[in-house]
Amino acid sequence: MLKRVSDIPSLPQFVIDTLKKLDDPKSNAQDVADKLAKDEGLVLRILRLANSAYYGLPRRITSVSEAIALLGFKTVKSIVLAASVYKFMDGAFTGYALDRGELWKHSLSVAFSARHIAKRFKDVDDEEAYVAGMVHDIGKIVLNDYVRFGYSIIVKLVEEDKMPFMDAERQVLGFDHAQVGGLIMEQWNLPERYMLAARYHHSPWELPDEYLDHRKFLDVIHVANALCLMLGAGIGADGLQYSVWPDSLERLGLSSDVEALMSELVDLMAQVDEELSMEAME
């Protein structure tokens with residue numbers, strides 16, 4: 001299992017260099033544009049977003065550096081990471097009964113939802129929540145083959161014993177997809193909170209004491225993921241056997257507001273479908 005994790009390719013070097021530029025307070029939009037110039041798809045995606053109806057500008061933006069300045073470094077960072085993660089998650093994952101594109105659809109749905117929820121709180125960065133939502137299930141790309149071979153036993157535990165799918169994974173395989181996801185985030189050397197989102201998105205109550213500063217951030221990812229599963233966004237074999245931890249809802253002040261929030265998330269799903277359609281054309 002650990003060898004399979006280590007065999008996953010790292011992020012491309014130009015992506016790593018671009019992320020470094022985006023994190024460097026001395027960088028300007030042109031510095032980032034120079035790095036992004038190596039990937040035509042990313043350039044087109046950034047220009048498309050800058051010229052979208054959301055910004056409603058009276059003229060068309062054709063300069064990448066101008067588009068980066070308009071969007072801001074955090075948004076560009078989200079786009080760069082999304083494009084990098086997409087190639088790993090767009091396939092079919094039969095171990096989880098996910099057809100091609102369904103894992104990516106779920107991940108993107110959680111990303112949009114996490115960003116939407118995070119905007120309620122000044123101390124939770126909405127773009128970081130977006131990225132964390134996008135990578136939370138990355139462990140499934142490694143665990144898929146193992147789950148596929150143990151599928152009948154796992155599903156029996158889930159259906160007959162009403163065991164959460166992740167607990168069944170752990171019982172049958174010795175690992176679960178959240179543990180593996182955390183290892184991948186560490187291997188990619190991404191910020192700590194993305195590792196925590198991958199590792200504890202189903203079990204925020206297991207968050208170690210040394211990471212309690214990230215608890216609210218993790219609550220956002222946990223709630224976004226659980227609600228997207230309830231809404232059927234990219235749902236697979238494991239989707240119906242998870243629930244929302246009440247403490248997370250309470251800390252976020254959402255205990256009495258879940259139905260209204262889910263209604264808002266339903267509207268967001270239309271934006272996810274639009275994003276997926278645009279990706280299919282690129």
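1. Is Asp-125 buried or exposed? Asp-125 counts as buried because its relative accessibility is 16%, where buried means under 20% relative accessible area, exposed over 50% and partly exposed in between, with a 1.4 Å probe and protein chains only. The structure is a predicted model, in which local features need pLDDT of at least 70, side-chain atom pairs count only at pLDDT 80 or more, and totals for chains, interfaces and linings use all residues. Residues are numbered from 1 along each chain as its sequence is written, and side-chain values use heavy atoms, with hydrogens and water left out.

2. Asp-125 is placed in the loop between H7 and H8; helices here are DSSP runs (H or I, at least four residues) numbered from the N terminus. A polar atom of the Asp-125 side chain lies 2.9 Å from the backbone nitrogen of Glu-128. Residues up to four places away in sequence aside, Asp-125 touches Lys-74, Ala-118 and Phe-217, contact meaning heavy atoms within 4.5 Å.

3. Asp-126 belongs to helix H8. With 23% relative accessibility, Asp-126 counts as partly exposed. Apart from neighbours within four places in sequence, Asp-126 is in contact with Arg-115, Ala-118 and Lys-119. The C-alpha atom of Asp-126 is separated by 13 Å from that of Arg-193, 67 residues apart along the chain.

4. The largest pocket has a volume of about 800 Å³. A pocket is an open set of points on a 1 Å grid over the protein atoms alone, with protein on both sides within 12 Å along at least five of seven lines, and lining residues have an atom within 4 Å of a point. Its lining consists of 23 residues, and Leu-49, Phe-112, Arg-115, Gln-271 and Glu-275 lie nearest the centre. Two or more lining residues come from each of H4, H6, helix H7 (102-118), helix H8 (126-135) and helix H16 (258-281). H16 gives the most, with 5 residues. By kind, the lining holds 10 nonpolar, 5 polar and 8 charged residues.

5. In helix H3 (residues 29-36), the buried residues are Ala-29, Val-32, Ala-33 and Leu-36. Seen down the axis of H3, these residues fall within an arc of 100°, so they line one face of the helix; the arc is that of the directions from the helix axis to the C-beta atoms. Their cover includes helix H2 (13-23), helix H4 (40-50), helix H5 (64-71) and helix H6 (73-89). At the start of H3, a side-chain oxygen of Asn-28 comes to within 3.1 Å of the backbone nitrogen of Gln-30.

Notes
Polar contact = N/O pair within 3.5 Å; in protein donor to acceptor, adjacent residues only side chain to side chain. 1 Å grid on protein atoms, 1.4 Å probe; cavity = no way out; pocket = protein on both sides within 12 Å on 5 of 7 lines; lining within 4 Å. Points joined across faces, edges and corners; volume = space filled by probe spheres on them. Nonpolar A, V, L, I, M, F, W, Y, C, P; charged D, E, K, R; others polar.
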